[in-house]
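I opened the notebook to look at how parts of a protein model meet. My entries are below the structure.

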Amino acid sequence: MADLTTTPATLPRRAFSGRLVPAGSIAGLCIVAVVAGPYFLDSYTVNILVRSFLYAATALTVDILWGYAGILTFGQAAFFGIGAYAAGITFTYMDFSPQTAVLALLAGLAVSAVVAWITGWISFFHRASPLYVAIVTLALPIILVQVLYSGGTFTGSSSGLVGYNTFDLSVEAWFTICGIGLVVLTTAAWFFVNSDFGRLLIAIRENEQRCTYLGINAPRVKILLMVVMAMIASVAGYAYAGYTVVVAPEIGSFVFGTELVMWVALGGRGTLIGPVLGTIAIDVISAYLSGNLPYVWKLIIGSIFVLVIVALPQGIVPVLKTGLRRLWSAATRRDAAPCVAVPALIEAPEGRRAGTGSDAPALNVADLACSYGSLKVLEGVAFKALGSELLGIIGPNGAGKTTLMRCLSDGYERTGGTVAVFGHAIARTPPQGVVGLGIGRSFQTTSLFETLTVAESLRLARYRLDGTRMLSHAPTLALPDSARRVITATGLDRQLAIECRHLSHGMKRALELAMVLALEPSVLLLDEPTAGLTKPERTLIGSILVDLVQREGLCTLIIEHDLDFVREISTRIIVLHQGKVLLDGSVAEVVGSELVRTIYAGGAHQELAP
Amino acid sequence: MTALVLDIVTTAAILFAVASGLLIILGVLKIVNFAHGGFLTIGGYSGLVVTQLGLNAWLAYPAAVVAGIVMGAVVERFVIRPLYDRPLDAILATWGLGIIIGQLITIVFGREIQFVQTPITGATSVFGETYSLYRLFLILAAAAVAGGIAALLNATRLGLEARAVIMNEPLARGLGINSGHVRFVTFCIGAGLASLAGALITPLSSVDPNMGVPWLVNAFMLVLVSSVSLASLAIAALTLGGAQVLVSTFISPVIGGLTIVVLAALLLRIRPAGFGHG
């Protein structure tokens with residue numbers, strides 16, 4: 001299999017350091033700018049910019065949550081407020097000292113982390129609607145402000161806390177510290193969102209359901225992300241309280257939460273630099289204009305916001321960027337598109353399949369039922385499947401075949417009965433847990449991640465086993481032998497850098513299969529893996545499957561409409577009809593059965609035909 | 001005891017009237033209209049204009065409905081229509097609209113709190129308890145709103161088409177229903193209802209340019225737990241509104257203000273269909 005590693009392993013590293021240099025130099029320039037800034041700007045602007053930097057850092061967290069992970073949040077204001085009040089309360093009641101400064105910071109971080117964890121736990125669960133998190137994070141700042149109001153003199157109620165002792169720093173020093181902090185944060189965020197983990201976030205945003213069937217615990221990833229972003233917002237709030245020597249309920253309010261979202265949308269969600277620049281620009285202009293034209297200025301901002309959402313949903317910075325890139329390519333006659341790093345394929349270590357060495361049947365289904373209201377889709381389905389069996393599941397449309405797959409791969413689907421994988425009942429386990437038990441499922445309709453490349457999609461499927469890098473790209477991609485065989489046989493190995501949406505239908509089906517195999521399942525559930533494929537492609541996939549079952553002892557369930565295909569590859573066939581197992585027997589038995597012929601040919605109605 | 005029960009019923013009636021416009025827009029357009037608070041404010045200020053012109057206080061309600069419908073028509077055409085396929089963006093754009101409406105009102109009427117005249121004043125005795133006549137009138141008003149929407153949905157061609165769009169929009173379009181028209185009319189009616197609700201609630205307190213925001217949040221929560229059904233909305237308004245009254249009376253008004261938000265969020269976590277079926 002040495003021919004598989006056609007891409008030299010040094011290439012991605014070179015590509016990565018190729019990104020490191022421009023990113024580093026831009027960050028360096030920005031740091032020079034914030035160090036030199038106080039010498040060139042008037043003191044009013046410097047004063048305003050410190051605040052803008054802190055808002056921008058908070059907007060950055062909104063962008064990572066919303067722009068990259070797809071979590072529309074109004075709650076970052078609450079975490080900003082928690083950090084600020086931690087400082088305000090500590091400095092008011094315990095006075096300022098290096099010890100209390102550290103204590104306040106830690107308290108803000110801890111409270112934010114706990115609140116964010118609770119918020120995330122409430123918001124993200126299996127099958128939660130994407131709107132739900134917006135509701136919960138909308139409630140969060142409202143609750144915080146009411147808590148601050150009811151705190152009476154302790155929290156200063158509606159007027160907040162003012163005039164406590166704080167850091168003995170000049171405005172210029174604050175400017176440099178906050179400026180450098182913002183540059184470092186933005187740079188780190190840039191590496192983070194462009195890493196393998198950043199791709200994972202985008203995958204969750206695009207198709208969370210598919211992620212869970214790849215064994216990715218999407219709710220947990222989102223909760224962790226929310227906790228980290230809350231802690232960053234809390235540090236920004238802490239600095240705000242230290243700098244302005246004022247904390248008032250407004251900074252933790254729902255209105256501030258929506259303002260953050262507006263700044264991110266105006267700058268350009270999912271661009272990092274857009275929200276940062278957008279926030280700074282709007283906040284500075286606001287400071288200058290709101291004195292003279294307070295209401296008109298808010299009216300203008302509101303109008304621009306509506307206009308941008310309607311006409312430029314990607315925000316202003318991406319539009320500028322596209323323009324600049326065009327100018328750049330026109331001027332240099334070079335394509336400025338970034339080169340995509342391709343990881344080298346290597347062999348994954350063997351022996352991590354669940355259930356190897358177990359005596360229990362690979363799959364034991366007993367009395368399985370699934371109904372929607374009074375409609376019974378499956379009833380009393382029972383069968384066992386062993387390793388090395390390739391079980392064909394056939395039946396007319398509406399027989400419940402896909403529902404069966406669903407009930408086997410998601411513990412929440414069935415309404416009755418039990419499913420056990422190597423003796424472990426799947427109980428009420430969400431799909432990502434079922435994958436951990438050894439079940440891998442492919443989908444009837446191709447369900448891929450449109451903007452992810454082939455290599456990135458395969459890496460997603462390896463996340464459960466191999467983990468991922470938070471700030472960079474791994475130079476290699478380990479795949480089990482079976483997945484690599486599918487990839488090489490179909491020529492996908494030469495298309496690793498292609499985005500999935502550009503693949504042909506056959507390639508997509510092959511990638512879907514390769515992704516499931518990359519999970520190293522012990523039980524493979526395939527829902528019409530060859531639908532819409534040509535005869536040669538179908539034969540190829542069939543032979544790979546047969547080989548897999550024979551060589552690796554995989555238990556495979558396959559739904560197919562093409563009886564000839566099923567007959568060729570199956571070792572056993574189950575016929576489903578109207579939600580019940582009609583027949584369960586060898587290929588010869590089923591194919592020779594009069595009953596099956598009747599169902600498929602509609603023979604029961606023959607006497608009615610003229 | 002009687003006062004408490006009346007408080008619960010009138011609060012529920014107010015919440016129902018405020019949330020109904022949001023509900024029908026969500027049902028037909030599948031869009032959460034965050035400009036709802038702005039439309040409420042427009043209704044409140046329609047009442048103020050009627051007061052300032054020295055007209056009959058009852059005229060506030062038709063004036064509010066007309067103002068809401070006109071605003072709704074403009075907003076639907078220029079903002080909502082391009083966002084049909086982007087429901088999350090529609091939340092943001094309508095929130096921006098709410099800000100625009102608030103600022104325009106601030107520029108025209110000033111930011112201070114103002115008062116409008118009440119068409120019904122005084123109190124009456126209910127089971128030996130003296131109670132505000134206007135709050136009792138709100139029960140009637142909410143019932144009229146409910147009856148009006150139900151009649152519109154069940155007895156008119158537009159209602160039939162709207163129900164078809166709610167159930168299965170692609171199929172309704174395939175059957176020759178002009179869903180764009182249905183959306184437009186629904187949005188106008190929703191905006192008119194919001195504005196009417198604004199005019200109904202202002203005699204209880206006062207008007208200011210941001211009066212809609214707290215109502216918006218509660219209405220939004222109520223609509224989400226009632227999964228696009230008027231009956232469920234009535235139940236939600238009665239239970240959650242009742243809880244709000246109880247908490248405000250016996251524990252603290254501050255916590256009472258949070259009751260609907262917190263209970264609705266928890267209810268949706270436990271039972272995503274809320275008070276609806278399913």
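**Ground rules.** I am working with a predicted model, where local features need pLDDT of at least 70, side-chain atom pairs count only at pLDDT 80 or more, and totals for chains, interfaces and linings use all residues. Residues are numbered from 1 along each chain as its sequence is written, chains are lettered from A and ligands numbered from 1 in the order in which they are written, and side-chain values use heavy atoms, with hydrogens and water left out.

**Entry 1: chain A against chain B.** I looked up the contacts (heavy atoms within 4.5 Å). Chain A brings 31 residues and chain B brings 35. Next I checked buried area, the accessible area (1.4 Å probe) that two parts lose on being put together, summed over both. The two chains bury about 3100 Å², with 82% of it on carbon and sulfur atoms.

How many salt bridges are there between chain A and chain B? I found one. A salt bridge is a side-chain nitrogen of Lys or Arg within 4 Å of a carboxyl oxygen of Asp or Glu. R269(A) and D89(B) form this bridge, at 3.0 Å from N to O.

Which helix gives the most to the side of chain A that touches chain B? It is α12(A), with 10 residues. Helices here are DSSP runs (H or I, at least four residues), numbered from the N terminus. By class, I noted 24 nonpolar, five polar and two charged residues on that side. Nonpolar means Ala, Val, Leu, Ile, Met, Phe, Trp, Tyr, Cys and Pro; charged means Asp, Glu, Lys and Arg; the others, Gly among them, are polar.

**Entry 2: E161(B).** I found E161(B) in helix α6 of chain B, residues 157-167. Is E161(B) buried or exposed? It is buried, with a relative accessible area of 14%. Buried means under 20%, exposed over 50%, and partly exposed in between (1.4 Å probe, protein chains only). Not counting residues up to four places away in sequence, E161(B) touches I177(B) and V182(B).

**Entry 3: two domains of chain A.** I looked up domain 1 (33-254) and domain 2 (389-407 + 439-608). The bounds come from an automatic or database domain assignment. Their C-alpha centres lie 45 Å apart. Domain 1 gives 20 residues to the contact and domain 2 gives 25. About 2100 Å² is buried between them, 61% of it from carbon and sulfur atoms.

I counted three salt bridges across this interface. I also noted a salt bridge between E512(A) and R210(A), with the closest N and O atoms 2.9 Å apart.

How values were computed
Helix = DSSP H or I, 4+ residues; strand = E, 2+ residues; numbered from the N terminus.
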